[in-house]
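Let's take a walk through this structure, with a look at its pocket and then at its aromatic rings.

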Amino acid sequence: MAAELSDPTENEDLQIISTGNTELDKKIADGLPMGSLTLIEGENDTGKSILTQQIIWGAMRQGLSVDLFTTENTSRSFIKQMESMSLDISEYFAWGYIRVFPLHVAGFEWKKEEMEGILARLVAHIRNSKSPVAIIDSLTLFTKYTQTDTILEFFTSCKTLVDQGKTILVTLHTYAFEEDTLVRIRSICDAHLFMKKDLFGDKYVMVMEAVKVRGARKTIGNLLMFEVHPGYGMKVIPMSFARI
């Protein structure tokens with residue numbers, strides 16, 4: 001079945017990005033506000049990229065184009081990952097609703113010379129792009145050679161861009177930052193989603209905590225527990241069955 005592509009010009013009054021998953025939307029106040037800076041934080045394999053991919057899907061289904069800057073995928077592997085979640089983006093990709101910019105490739109080692117200034121160039125690209133939504137997945141790669149002040153300046157620049165109408169999501173690994181730096185980053189962001197793994201019965205599942213969503217129109221449901229099944233995608237586990 002062909003994807004139903006909306007005209008982005010029809011969404012000028014859009015205020016919320018739905019994830020395309022009703023249960024997930026309920027936990028983040030119906031969706032993420034347009035013109036916001038969202039931090040998705042957690043350790044390895046806690047579902048940060050999965051959550052990001054779900055948000056990308058929802059944005060494109062609403063007719064919004066997305067720029068994805070990824071240290072995790074190439075264009076081909078990203079499309080395959082989306083397909084494994086039962087999210088077919090092939091037509092969205094063909095029509096330019098999603099542009100993938102890989103920031104890391106196998107066999108290439110970032111050095112200080114290449115790293116210097118790249119965050120400023122990312123900000124410039126987002127500013128000049130016609131896409132209203134930008135995703136950086138993840139920021140962790142840049143921490144090895146980047147000073148804390150540069151990281152904080154990057155988030156401040158992103159905040160300026162969202163004040164001008166951009167919607168930006170950034171994922172990062174908690175272990176890569178000092179706690180004081182994390183506190184300052186979280187305070188800059190409009191929304192903070194924290195990801196973790198927890199034991200549910202005899203297996204581990206992913207848990208999302210909506211720590212804050214600034215400007216939310218309704219009370220935020222705090223926790224969402226989910227699994228990811230190949231060929232099916234994200235499966236939400238009712239919290240009535242959870243013992244966290």
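Predicted model: local features only at pLDDT ≥ 70, side-chain atom pairs only at ≥ 80, totals over all residues.

Start with the largest pocket, which has a volume of about 330 Å³. It is lined by 19 residues, and the closest to its centre are Asp-45, Gly-47, Lys-48, Ser-49 and Ile-50. The largest share, four residues, comes from α2. Sorted by class, the lining has 11 polar residues, along with four nonpolar and four charged ones.

Now for the rings. A pair of aromatic rings is described by the distance of the centres and the angle of the planes. There are four aromatic pairs in the structure. Take Phe-69 and Phe-101: their ring centres are 5.1 Å apart and their planes sit at 20 degrees, so this pair is stacked. The two residues are 32 residues apart in the chain, with Phe-69 in strand β4 (residues 66-70) and Phe-101 in strand β5 (residues 98-102). Phe-69 counts as buried, at 3% relative accessibility, whereas Phe-101, at 23%, counts as partly exposed.

Phe-154 and Phe-155 make an edge-to-face pair, with 5.6 Å centre to centre and 80 degrees between the planes. Phe-154 is buried at 2% relative accessibility, and Phe-155 is buried with a relative accessible area of 0%. Finally, look for Trp-57, Tyr-92 and Tyr-97, which ring pairs link into a cluster.

How values were computed
Residues numbered from 1 in each chain as written. Heavy atoms only, no water. Phe/Tyr/Trp six-rings, centres within 6.5 Å; stacked < 30°, edge-to-face > 60°. Buried < 20%, exposed > 50% of the residue type's maximum accessible area, 1.4 Å probe, protein only. 1 Å grid on protein atoms, 1.4 Å probe; cavity = no way out; pocket = protein on both sides within 12 Å on 5 of 7 lines; lining within 4 Å. Points joined across faces, edges and corners; volume = space filled by probe spheres on them. Nonpolar A, V, L, I, M, F, W, Y, C, P; charged D, E, K, R; others polar.
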